[in-house]
Amino acid sequence: MFPASTVAVSSAPVATATPRFLRDHLWAPLALTLLASAVLMGVGGDQWLADQWYRLEGQQWALQNAWVTTHLIHHAGKWASSAAALAAIVLCTHAWRSERAAAWRWPLLYLVLAVALGTGLVSLLKSLTNMDCPWDLARYGGTRPFIGLFSIRPTGMPRGVCFPGGHSSAGFAWISLYFFALMVRPAWRWRGLGVGLLAGGLFGFSQQLRGAHFLSHDLWTLATCWAVSLSLHLLVERVRLRERSAAPGIAQEDAA
């Protein structure tokens with residue numbers, strides 16, 4: 001199931017704690033996220049974009065219950081992500097039971113955990129942040145006033161569970177494929193990143209057209225999934241490095 005020849009970088013962890021790696025993978029994405037948030041949440045970019053979709057749909061969320069957005073992208077997309085996660089779990093289980101697939105153990109375990117923790121953390125944040133969906137707001141045909149993320153919510157107002165975007169996490173969680181590829185075949189890392197960005201972007205845009213989320217909701221879903229994927233990658237690489245250092249056979253082979 002896992003031919004050894006397909007693993008380009010299996011036993012040697014990539015150097016991930018260097019200043020350059022952290023600059024490119026932590027500080028630069030964080031700066032971009034904060035800048036984009038300032039535009040979307042600080043100066044009304046979210047509402048401006050939602051106004052355009054709402055106007056193009058005839059001053060209503062005409063795509064809220066459309067077959068493409070609801071059944072194809074929302075429901076089928078969620079099932080596709082779940083099926084991919086199940087496949088990763090099956091492969092991970094096999095790798096940990098087979099010596100022949102030992103090189104895939106940590107990479108696959110990383111992938112399974114990153115997807116689960118990314119979607120799980122987004123779900124937890126949704127239950128804590130208390131923000132409404134656009135379709136709930138009076139500006140877009142709903143009944144509630146807009147309450148910002150850090151504003152005090154009026155007493156008795158129903159809870160909001162729309163920040164960050166939940167459905168897009170089923171796609172953005174797969175940006176962990178970028179770090180997975182770093183462990184097994186670094187040249188594929190951009191393909192892995194592309195898969196996660198494309199899936200999450202499609203899921204998020206569909207939800208925005210339905211009136212379920214503002215763009216910033218999905219931006220922070222992406223940021224959350226990236227933070228989880230990066231943090232877990234640093235942890236797993238540290239464990240792999242310790243294992244490698246504790247294996248004298250590998251060290252002697254490298255020295256030769």
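In helix H7, the buried residues are Gly192, Leu193, Gly196, Gly200, Phe203, Gly204, Ser206, Gln207, Gln208, Leu209 and Arg210. The structure is a predicted model. Among the elements that cover these buried residues of H7 are H2, H3, H5, H6 and helix H8 (215–245).

**Helix H7**

- Helix H7 comprises residues 189–210.
- The 22 residues of H7 should span 32 Å at 1.5 Å a residue, and the separation of its end C-alpha atoms, 32 Å, agrees with that expectation.
- An α-helix has 3.6 residues a turn, so residues three or four places apart point the same way.
- Buried positions in H7 include Gly192, Gly196, Gly200 and Gly204.
- Gly211 follows H7 and has a positive phi, near 85 degrees.

**Packing of H6 with H7**

- Helix H6 (residues 176–184) packs with H7 at an angle of about 160 degrees, and the two axes are 7 Å apart.
- Because angles over 145 degrees count as roughly antiparallel, H6 and H7 are therefore described as roughly antiparallel to each other.
- The crossing in which H6 passes H7 is right-handed.
- On the H6 side, the contact involves Leu177, Tyr178, Ala181 and Leu182; on the H7 side, it involves Arg189, Trp190, Gly192, Leu193 and Val195.
- Classified by residue type, this contact of H6 with H7 has seven nonpolar, one polar and one charged residues.
- Gly192 and Leu193 take part in the contact with H6, and both are buried.

**Backbone geometry in the loops**

- Most residues other than glycine have a negative phi, and most peptide bonds are trans.
- Gln59 is not a glycine, yet its phi is positive, at about 60 degrees.
- Gln59 lies in the loop that runs between helix H2 (45–56) and helix H3 (67–97).
- With a relative accessibility of 49%, Gln59 counts as partly exposed.
- Asn130, likewise a residue other than glycine, has a positive phi near 65 degrees.
- Asn130 is located in the loop between H4 and H5.
- Asn130 has a relative accessible area of 16% and is therefore buried, the cut-off for burial being under 20%.
- The peptide bond from Phe163 to Pro164 is cis, with omega near -5 degrees.
- Pro164 is situated in the loop between helix H4 (105–129) and helix H5 (166–172).

Methods. Residues are numbered from 1 along each chain as its sequence is written. This is a predicted model: local features need pLDDT of at least 70, side-chain atom pairs count only at pLDDT 80 or more; totals for chains, interfaces and linings use all residues. Side-chain values use heavy atoms; hydrogens and water are left out. Axes are lines fitted to C-alpha atoms, for helices over the stretch in contact, and angles run from 0 to 180 degrees between N-to-C directions. Helices (H or I, at least four residues) and strands (E, at least two) are DSSP runs, numbered from the N terminus. Angles under 35 degrees count as roughly parallel, over 145 as roughly antiparallel, 65 to 115 as roughly perpendicular and the rest as oblique. A crossing is left-handed if the near helix is turned anticlockwise from the far one by less than a right angle, and right-handed if clockwise. Contact means heavy atoms within 4.5 Å. Ala, Val, Leu, Ile, Met, Phe, Trp, Tyr, Cys and Pro count as nonpolar, Asp, Glu, Lys and Arg as charged, and the others, Gly among them, as polar. Buried means under 20% relative accessible area, exposed over 50%, partly exposed in between (1.4 Å probe, protein chains only). The expected span of a helix is 1.5 Å times one less than its number of residues.
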